[in-house]
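This report describes a single protein chain, from its overall make-up to selected elements. Please keep the sequence and the structure in view while reading.

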Amino acid sequence: MKKALRSTIIVLIAIMTLAIATVSVNAASTTVTSVDIKKATTTLNVGKSEGLKLAYGYAGSAPDTQEIKWKSSNSSVATVSGGTVKAKKAGTATITVEFGGKTDTCKVTVKSTAKWINASGAYTELNKYRKKAKVASLKKDAGLEKIAKIRAEEMAKHNKFSHTRPNGKSGLTLITGNKWKGENIAMGQKTCAAVSKAWYNSTGHRANMLRKQFTKVGIACYEYNGVTYWAQMFSN
């Protein structure tokens, strides 16, 4: 009798253990029921970033968010990592998120930014260096400044930092009817003092800055997508 009772107890314990194990497995299951990027569209300027907010629904235990996958339809326009979108160049891209078999999208429009930077301080800096070298100051020339603006803008918009213009000709071809002419260009400097110092610290650029034959100058700075492009045009 005792042996039969003991066998019965063992069987009941086994059944309870199986039942507990079964409940535990069911509790661990997860189903993602919805995925929602809070923005259907967004607009960014080149070089800027934005973190997309994501909401999701699920049944069962909490899902593993490491399984959330993001991708961009055009990574040359915009990249995405962990939901953070970075604008690369002007255009459009579709950002897709996938989680537990559910997906959602956000259309990203990337725009270029452009503006002229006041370059008046560069004239002052240039003539400081010329005074130190005991060379006559250069006069600001409207015609050369117009040429400097052409050069700065075309370098920026054509992504061609070079003394050669997009048409294949030298930048100096814009200066006509003068025996002496010169061009200094620079990219990335944020201030007139910084670009002037960079030019002065370069042998070839410094030679233009201090050349006695030059009598006038035009300087311009164009900022495109956060990057500055400088042009300094000399003549007599």
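## Basis of the model

The model is predicted, and local features need pLDDT of at least 70, side-chain atom pairs count only at pLDDT 80 or more, and totals for chains, interfaces and linings use all residues. Residues are numbered from 1 along each chain as its sequence is written, and side-chain values use heavy atoms, with hydrogens and water left out.

## The chain as a whole

The protein chain contains five helices and 14 strands; helices (H or I, at least four residues) and strands (E, at least two) are DSSP runs numbered from the N terminus. Of its 236 residues, 33% are buried, where buried means under 20% relative accessible area, exposed over 50%, and partly exposed in between (1.4 Å probe, protein chains only).

The chain exposes about 13800 Å², of which carbon and sulfur atoms supply 54%; accessible areas come from the Shrake-Rupley method with a 1.4 Å probe, and for residues only the protein chains shown count as cover. Among contacts (heavy atoms within 4.5 Å) between residues at least 6 apart in sequence, 62% join residues at least 24 apart.

Four bridges pair strand 5 with strand 8 (residues 91-99) in the antiparallel sense, and Trp70 stands opposite Val97 in strand 8.

Another open sheet has three strands in the order 3-7-6, with antiparallel pairing. Its edges are strand 3 (49-51) and strand 6 (78-81); each has a single partner strand, so one side of each is left without a neighbour in the sheet. Neighbouring strands of this sheet are turned by 20° against each other on average, direction ignored. Strand 6 is joined to the antiparallel strand 7 (residues 84-87) by four bridges, and Ser81 has Thr84 as its bridge partner in strand 7.

## Strand 12 and its partner

Strand 12 (residues 181-187) is mostly covered, with five of its seven residues buried. Seven bridges join strand 12 to strand 14 (residues 227-235), and the two run antiparallel. Lys181 has Ser235 as its bridge partner in strand 14.

Helix 2 (residues 120-132) has 13 residues and reaches 19 Å from its first C-alpha to its last, close to the 18 Å expected at 1.5 Å a residue; the expected span is 1.5 Å times one less than the number of residues. Its buried residues are Ala122, Tyr123, Glu125, Leu126, Asn127, Tyr129 and Arg130. These pack against several elements, including helix 3 (142-157), helix 4, helix 5 (203-210) and strand 14. Lys134, which follows helix 2, has a positive phi near 60°.

Ser196 lies in helix 4 (residues 192-200) and counts as buried because its relative accessibility is 1%. The side chain of Ser196 reaches the backbone oxygen of Cys192 at 2.8 Å. Leaving aside neighbours within four places in sequence, Ser196 is in contact with Ala122, Glu125, Tyr129 and Met209.

Note on methods:
Two strands pair if DSSP finds at least two bridges between them. Axes are lines fitted to C-alpha atoms, for helices over the stretch in contact, and angles run from 0 to 180 degrees between N-to-C directions. A polar contact is a pair of N or O atoms within 3.5 Å; within protein, one must be able to donate a hydrogen and the other to accept it, and residues adjacent in sequence count only if both atoms are side-chain atoms.
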